[in-house]
Amino acid sequence: MNRTVQEQAEVASPCVNRCLIDAPTGLCAGCYRTLHEIAAWIDLSADERRAIIDRAIARRALHATAIASRQVTDGER
């Protein structure tokens, strides 16, 4: 395994299998990444992945309540 692949493997995807893009913010309601960040993930370095995770943590702090309030559960449909 080359260094880049090994480093990438050390930074796991923040995906929590709750994949739904919140239209007003453009963020995934599960991991708080943008579609661009999700699509690019496979090609990113470990440092770039860590930076995305840091941004996603900050986004969750800012947007979690609003995003959750817009989500409709199966029982509410």
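**Strands, cores and salt bridges in a predicted model**

Trainee: In which strand does Asp 22 lie?
Mentor: This is a predicted model. Asp 22 lies in a strand that spans residues 21-22. That strand is β1.

Trainee: Is Asp 22 buried or exposed?
Mentor: The relative accessibility of Asp 22 is 3%. The cut-off for buried is under 20%. Because of that value, Asp 22 counts as buried.

Trainee: Which side chain is joined to that of Asp 22 by a polar contact of 2.7 Å?
Mentor: Leaving aside neighbours within four places in sequence, Asp 22 is in contact with Leu 27, Ile 67, Arg 70 and Gln 71. The polar contact of 2.7 Å joins the side chain of Asp 22 to that of Thr 25.

Trainee: What pattern does the protein chain follow along the sequence?
Mentor: The protein chain has three helices and two strands. Read along the sequence, their pattern is α-β-β-α-α.

Trainee: How many residues make up the largest nonpolar core?
Mentor: Nonpolar side chains tend to be buried together in soluble globular proteins. Here the largest nonpolar core consists of Val 11, Ala 40, Trp 41, Leu 44, Ala 46 and Ile 52. A second, separate core of five residues includes Leu 27, Ala 29, Tyr 32 and Ile 67. The count for the largest core is six.

Trainee: What accessible area do Ile 21, Leu 35 and Ile 38 have together?
Mentor: Ile 38 is found in helix α2, residues 35-40. At 31% relative accessibility, Ile 38 counts as partly exposed. Ile 21, Leu 35 and Ile 38 form a nonpolar patch on the surface, and their accessible area together is about 240 Å².

Trainee: How many residues apart in sequence are the parts that Arg 55 and Glu 37 tie together?
Mentor: Arg 55 forms a salt bridge with Glu 37, with the closest N and O atoms 3.3 Å apart. Arg 55 lies in helix α3 (residues 46-70) and Glu 37 in helix α2, so the parts tied together are separated in sequence by 18 residues.

Trainee: Which residues are linked with Glu 37 in a network of salt bridges?
Mentor: The side chains of Arg 59 and Glu 37 meet in a salt bridge of 2.6 Å, N to O. That pair links distant parts of the chain, Arg 59 in helix α3 and Glu 37 in helix α2. Both Arg 59 and Glu 37 are buried, whereas Arg 55, at 39% relative accessibility, counts as partly exposed. The residues in the network with Glu 37 are Arg 55 and Arg 59.

Trainee: Which residue forms a salt bridge with Asp 47?
Mentor: Asp 47 counts as exposed at 59% relative accessibility. The closest N and O atoms are 2.9 Å apart, and the partner is Arg 50.

Trainee: What share of the residues in the protein chain is buried?
Mentor: The protein chain exposes about 5,300 Å², with carbon and sulfur atoms supplying 55% of that area. Of the 77 residues in the protein chain, the buried share is 27%.

Methods
Residues numbered from 1 in each chain as written. Predicted model: local features only at pLDDT ≥ 70, side-chain atom pairs only at ≥ 80, totals over all residues. Heavy atoms only, no water. Core = buried A, V, L, I, M, F, W, Y, C linked by side-chain atoms within 4.5 Å. Buried < 20%, exposed > 50% of the residue type's maximum accessible area, 1.4 Å probe, protein only. Patch = residues over 30% accessible without salt bridge, like charges linked within 9 Å, V, L, I, M, F, W, Y side chains within 5 Å. Areas by Shrake-Rupley, 256 points an atom, 1.4 Å probe, with all protein chains shown as cover. Salt bridge = Lys/Arg side-chain N within 4 Å of Asp/Glu carboxyl O. Helix = DSSP H or I, 4+ residues; strand = E, 2+ residues; numbered from the N terminus. Polar contact = N/O pair within 3.5 Å; in protein donor to acceptor, adjacent residues only side chain to side chain. Contact = heavy atoms within 4.5 Å.
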